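The reader may wish to keep the coordinates open while following the text.

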Amino acid sequence: MTQPHIDALERVVLGAVAITQRAITNAGADLTFVQWRVLMLLGERDEGATVGDIASRMGSNASPASRVVSRLRGRGLVETTKDTVDGRVSHIRLSASGRALRGRVLEHRSRELARVLGTASLATDEVRVIERLARSFEAVS
């Protein structure tokens, strides 16, 4: 991988983060980026996740992940239940408010991403490259 490739990818990442932060703000979400990431992870599956799952996906330890979950629970954005077999394990799911907020942010972000892509006028083969790149990123997200 050459430096120009990495530089270009850095610009894409920076732009994507900026778009996400604006979407969070425009949706009136008042979330930190880490809190947003947890809402995204929890929204991937109806059954939610455990604190350990969240920590692992974020490259964190259980303690900081648990604090983020506690803050989100305090705001009514997530619900937690204890595992019936192992009471030390908590299962976390988005609440109705959390799902609605996540949806509003994603809606704002999708509109902005569509606007940016519209200005790029990508050819079909270029879209395929972006799709391959997206699949590569799935492994680390």
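R22 counts as partly exposed, because its relative accessibility of 43% falls between the limits of 20% for buried and 50% for exposed residues. The model that contains this residue is a predicted one. R22 forms a salt bridge with E112, and the closest N and O atoms of the pair are 3.7 Å apart. Since R22 belongs to helix α1 and E112 to helix α5, this pair ties together parts that are 90 residues apart in sequence.

E112 has a further partner: its side chain also meets that of R115 in a salt bridge, with an N to O distance of 2.6 Å. E112 and R115 both lie in helix α5, three residues apart, which corresponds to about one turn of the helix. R115 is partly exposed, with a relative accessible area of 48%. Through shared partners, the salt bridges join R22, E112 and R115 into one network.

The structure holds seven salt bridges, and another of them links R45 and E47 at 3.1 Å, N to O. Here R45 is partly exposed at 39% relative accessibility, and E47 is likewise partly exposed at 46%. As a general principle, side chains of opposite charge can pair when their charged atoms come close.

Which side chain of opposite charge is nearest to R109? R109, a residue of helix α5, is buried yet has no salt bridge. The nearest side chain of opposite charge is that of E44, 9.2 Å away; this separation rules out a salt bridge because the criterion requires a nitrogen-oxygen distance within 4 Å. Leaving aside residues up to four places away in sequence, R109 touches I19, T20, A23, W36 and M40.

Attention now turns to the sheet. Three strands form an open sheet in the order β1-β3-β2, with antiparallel pairing. The strands β1 (49-50) and β2 (78-82) stand at the edges, each with a single partner strand, so one side of each is left without a neighbour in the sheet. Two bridges join β1 to β3 (residues 90-94), and A49 stands opposite I92 in β3. Helix α2 packs on this sheet and touches β1, β2 and β3, its direction making about 95° with that of β3.

Most residues other than glycine have a negative phi. D30, although not a glycine, has a positive phi of about 50°; this residue is found in the loop between α1 (3-26) and α2 (33-43). D30 is exposed, with a relative accessible area of 65%. S121 is not a glycine either, and its phi is positive at about 45°. The loop that holds S121 runs between α5 (96-120) and α6 (124-138), and S121 is exposed at a relative accessible area of 62%.

The overall fold provides the setting for these details. The protein has six helices and three strands, which follow the pattern α-α-β-α-α-β-β-α-α along the sequence. Along its principal axes, the C-alpha trace spans about 50 × 35 × 20 Å. Buried residues make up 25% of the 141 residues. Among contacts with a separation of 6 or more, 52% involve residues 24 or more positions apart. The accessible surface comes to about 9,200 Å², of which 55% belongs to carbon and sulfur atoms.

Methods
Residues numbered from 1 in each chain as written. Predicted model: local features only at pLDDT ≥ 70, side-chain atom pairs only at ≥ 80, totals over all residues. Heavy atoms only, no water. Helix = DSSP H or I, 4+ residues; strand = E, 2+ residues; numbered from the N terminus. Buried < 20%, exposed > 50% of the residue type's maximum accessible area, 1.4 Å probe, protein only. Pairing = 2+ DSSP bridges. Contact = heavy atoms within 4.5 Å. Axes fitted to C-alpha atoms, helices over the stretch in contact; angles between N-to-C directions. Lys, Arg positive; Asp, Glu negative; His and termini not counted. Areas by Shrake-Rupley, 256 points an atom, 1.4 Å probe, with all protein chains shown as cover.
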